[in-house]
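Visitor: I would like to learn how to read salt bridges in a model. Please take me through some cases.

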Amino acid sequence: MKGKHLDRPRVLRPGPWVTVTLTGLAVFGATAAMPTTLQHASTETVAAVQTVPQQRTAPRQAAPQEQVRAQAQVQKEFKAPPKAEPSAKTESSAKAEPRKQAAAPKSDARSKVIERARTWHPHTGRRVPYSQTSTHNGYRTDCSGYVSMALGLPKPGTNTVGLTSSRYTERIAMSELKKGDLVMDALGSNTTRHVVIFEKWADKEHSSYWAYEQRGRYGTDHRELDYGLSSGDEYKAYRPTSLT
């Protein structure tokens, strides 16, 4: 029996130091394999650092001389669009349309009234005789026909009552009279009613004025009058609507 126990193969068990040695070798082998992995990691880290966007620097500003040359080059190359030429139709239309005349100033309109009044040659041998039935150049030769002619109203002219209508005149104070205004007595009959054309004051006190009229039994006259200046007088001052 003893001999059988001696012939059994003997199993060797590693001692403690062998276990430590083998563990160290295993660790060394793992460590030896690590450089390749670490190398890749280092390469990727460097690449990642290199791919980080760098801060852009501001573009270099051109020198003043370069800017001037650049602007000159732009102006040289730029061409303004040609101006459109007016067509023949536009030119012909412009020639065909008459120019609008500006309205005459009131002072000129007042002067025109006096100029027309003088065409009947007042206070001269060529004056137009007074008549309620006759006409001269289409206008009646009485006082209202004469005033209608001076104001440029339609022929043969309206009568004295008609001249007081708002269509032709408006009431004003005697102190407001100006050249071309009227002084009228529109009351009574056709033998008492009368109208004259105011020209200017005869004095600073406004005690009388110069006027044109077509008076009975004489004709066209230019003389100094005081109609309407006394209190209670039936003569009143009127301004033609064409002179307002």
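Guide: Start with R140 and D142, whose side chains meet in a salt bridge with an N to O distance of 3.1 Å. The model is predicted. The pair counts as a salt bridge because a side-chain nitrogen of Arg lies within 4 Å of a carboxyl oxygen of Asp.

Visitor: Are R140 and D142 buried or exposed?

Guide: Both R140 and D142 are buried. Buried means under 20% relative accessible area.

Visitor: How many salt bridges does a search of the whole structure find?

Guide: The search finds 8. Another of them joins the side chains of E199 and R118, at 3.5 Å from N to O. E199 belongs to strand β5 (residues 194-201) and R118 to helix α5 (residues 106-118), so this pair ties together parts that are 81 residues apart in sequence.

Visitor: Which residues are linked in a network of salt bridges?

Guide: The network links E213, R215, D221 and R223. Within it, R223 forms a salt bridge with D221, and their closest N and O atoms are 3.9 Å apart. That value still passes, because the cut-off is within 4 Å.

Visitor: What is the relative accessible area of D221, and what is that of R223?

Guide: D221 is buried, at 1%. R223 has 26% and is partly exposed.

Note on methods: Residues are numbered from 1 along each chain as its sequence is written. This is a predicted model: local features need pLDDT of at least 70, side-chain atom pairs count only at pLDDT 80 or more; totals for chains, interfaces and linings use all residues. Side-chain values use heavy atoms; hydrogens and water are left out. Helices (H or I, at least four residues) and strands (E, at least two) are DSSP runs, numbered from the N terminus. Buried means under 20% relative accessible area, exposed over 50%, partly exposed in between (1.4 Å probe, protein chains only).
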